[in-house]
Structures are given as structure tokens and as C-alpha cells.
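Okay, thanks for coming, everyone. Let me put the structure up, and then I'll talk you through pockets, the sheet and some helix packing.

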Amino acid sequence: MLAGMSDVPCCLLCLAPEPTTAHQHLARAAAQALGAEPPRWELHQSGAQDAPASVLVAAAPAALLTWLGTQGPWSHGPLSLFGPAPDAAQAEALLGAGVSGCWPAPDTLPPGWLAAALAIDRARWQAAAQARREALRLQTQLDERKWVDRAKGVLMQARGMPEGEAFALLRGAAMQANLRVGEVSRGVAEAAQWDDALNRAGQLRMLSQRLVRLAAQRGD
């Protein structure tokens with residue numbers, strides 16, 4: 001048993017209507033490997049997304065892929081598949097769907113390897129989750145930078161101020177409102193877009209009225 005793994009709750013995802021012999025064997029093997037109570041297997045066709053735990057699956061790769069196809073990409077926790085080896089296409093699909101690891105059935109693993117497999121899958125899932133968070137952070141920064149540039153352009157054009165003063169104005173407004181500069185900038189840019197749209201709508205309305213009057217005059 002690996003240090004700390006006994007504190008990791010595990011759930012057994014049963015894709016069959018009732019737990020099979022493979023599920024029961026996996027539950028006993030996991031309990032023995034982790035030094036904990038047998039994993040609960042109330043998770044059948046739904047509800048696994050709410051499991052704050054490592055999720056173990058005893059199934060064929062195709063069965064898990066079918067189930068994941070109804071759930072969307074898995075990101076709720078480590079998902080470990082135990083069963084027949086997937087082919088290359090299945091392995092790629094499982095990885096893309098969020099499966100953390102594919103392992104032989106527990107009765108074919110050497111002693112101690114089940115706990116090691118779960119520890120590896122948890123580390124792999126944590127690394128992937130960190131990568132997703134970092135990607136989201138970078139995307140947010142990029143989006144906010146775009147909004148800041150747009151808002152600076154609006155202020156520079158509307159008030160005739162240099163770029164440095166425009167940014168200082170945005171930053172000061174953000175500090176006063178206790179918001180990020182990107183949030184304030186987005187509000188400024190969107191307000192300018194609405195104002196521009198309203199001005200254009202007014203111009204189009206005036207043009208249409210003129211056309212109506214000209215048509216009426218020609219009719220007379």
C-alpha cells in the first residue's frame with residue numbers, strides 16, 4: 001500500500017445493471033490494496049460526476065467509451081479502467097475522454113500494483129487538471145488584454161488622450177470598483193459598441209424617413 005492512498009476515497013462505476021463478478025473482485029482488491037473499506041458501487045448509469053473520488057471501472061474499453069459518450073469529457077476525478085487491453089484507437093479515444101489509466105484486471109496485477117496504478121492515475125489526473133487551469137488562466141489573460149486594448153482605443157479616440165493616460169484611467173476605475181482591469185475594460189468597450197450601434201440605428205432611421213418623404217413627393 002502506498003503512503004496516503006488509504007485516505008483517497010474510491011468509487012466503483014458499474015456499467016452493468018447489477019455488479020458483476022469482475023466488479024466485486026475489483027472492489028475487494030481495491031479495499032485490500034488501499035487498506036480501506038470496499039469502494040461503494042452505488043454509481044451506475046449516472047451520478048459519477050458528483051463523486052469526489054477516484055473512480056474505478058471494471059469493463060471492456062468499448063463499454064466505457066459508450067458510457068462516456070453520454071457524459072461528455074470526464075474531468076471530475078481520476079478514472080481508472082480495469083479490463084481487456086484497448087486497441088490503439090480505443091486508447092486514444094479513452095485518453096481524449098478523460099480516462100486517467102487503463103490496466104489489466106486486478107487478479108493479473110502483481111501484489112501492490114493496484115495501489116500503485118491508482119496513485120499513478122491520480123497523479124496523472126492532477127497534472128492534467130493543473131494544465132487545464134493554467135490554460136484557462138492564460139486564455140483569460142489573453143481575452144482581458146484584448147478588452148484592455150479595445151477600451152484604451154475607445155478612450156484615446158473619445159477623449160484624445162495618449163495610451164498611457166487611457167490605461168491609467170482604466171486601472172484607477174478598476175481599483176475604485178474593486179474589479180480587474182479586464183472587467184472594467186470589457187464594460188467600456190461593450191458600452192462603446194452599444195453607443196455606436198445606437199448611433200447607427202438613429203442614422204438609418206433618419207435615412208429611411210428621408211426616403212419615405214422623397215417617395216411621397218414623387219408620388220404627388
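So, the lining of the second largest pocket splits into 6 nonpolar, 4 polar and 2 charged residues. For the classes, Ala, Val, Leu, Ile, Met, Phe, Trp, Tyr, Cys and Pro are nonpolar, Asp, Glu, Lys and Arg are charged, and the others, Gly among them, are polar. Bear in mind that this is a predicted model: local features need pLDDT of at least 70, side-chain atom pairs count only at pLDDT 80 or more, and totals for chains, interfaces and linings use all residues. Numbering runs from 1 along each chain as its sequence is written, and side-chain values use heavy atoms, with hydrogens and water left out.

Who's in that lining? Among them are P73, W74, R124, W125 and R132. Two elements give two or more residues to it, α3 (88-96) and α4, and α4 gives the most, with 4 residues. Helices here are DSSP runs of H or I, at least four residues, and strands are runs of E, at least two, numbered from the N terminus.

The space in this second pocket is about 150 Å³, while the largest pocket has about 190 Å³. Points are joined across faces, edges and corners, and the volume is what probe spheres set on them fill.

The largest pocket has 10 lining residues, with A29, A33, P111, G112 and L114 nearest its centre. Helix α1 (residues 21-34) supplies the largest share, 3 residues. By class, that lining has 8 nonpolar, 2 polar and no charged residues.

Now the sheet. It's open, with 4 strands in the order β1-β2-β3-β4 and parallel pairing; two strands pair if DSSP finds at least two bridges between them. At the edges sit β1 (10-13) and β4 (101-103), each pairing on one side only. The twist averages 25 degrees from one strand to the next. Helix α4 (residues 113-159) packs on the sheet and touches β1, β2, β3 (79-82) and β4, where contact means heavy atoms within 4.5 Å.

Axes are lines fitted to C-alpha atoms, for helices over the stretch in contact, with angles from 0 to 180 degrees between N-to-C directions. P61, A62, L64 and L65 in α2 meet Q90, A93 and L94 in α3.

Methods
1 Å grid on protein atoms, 1.4 Å probe; cavity = no way out; pocket = protein on both sides within 12 Å on 5 of 7 lines; lining within 4 Å.
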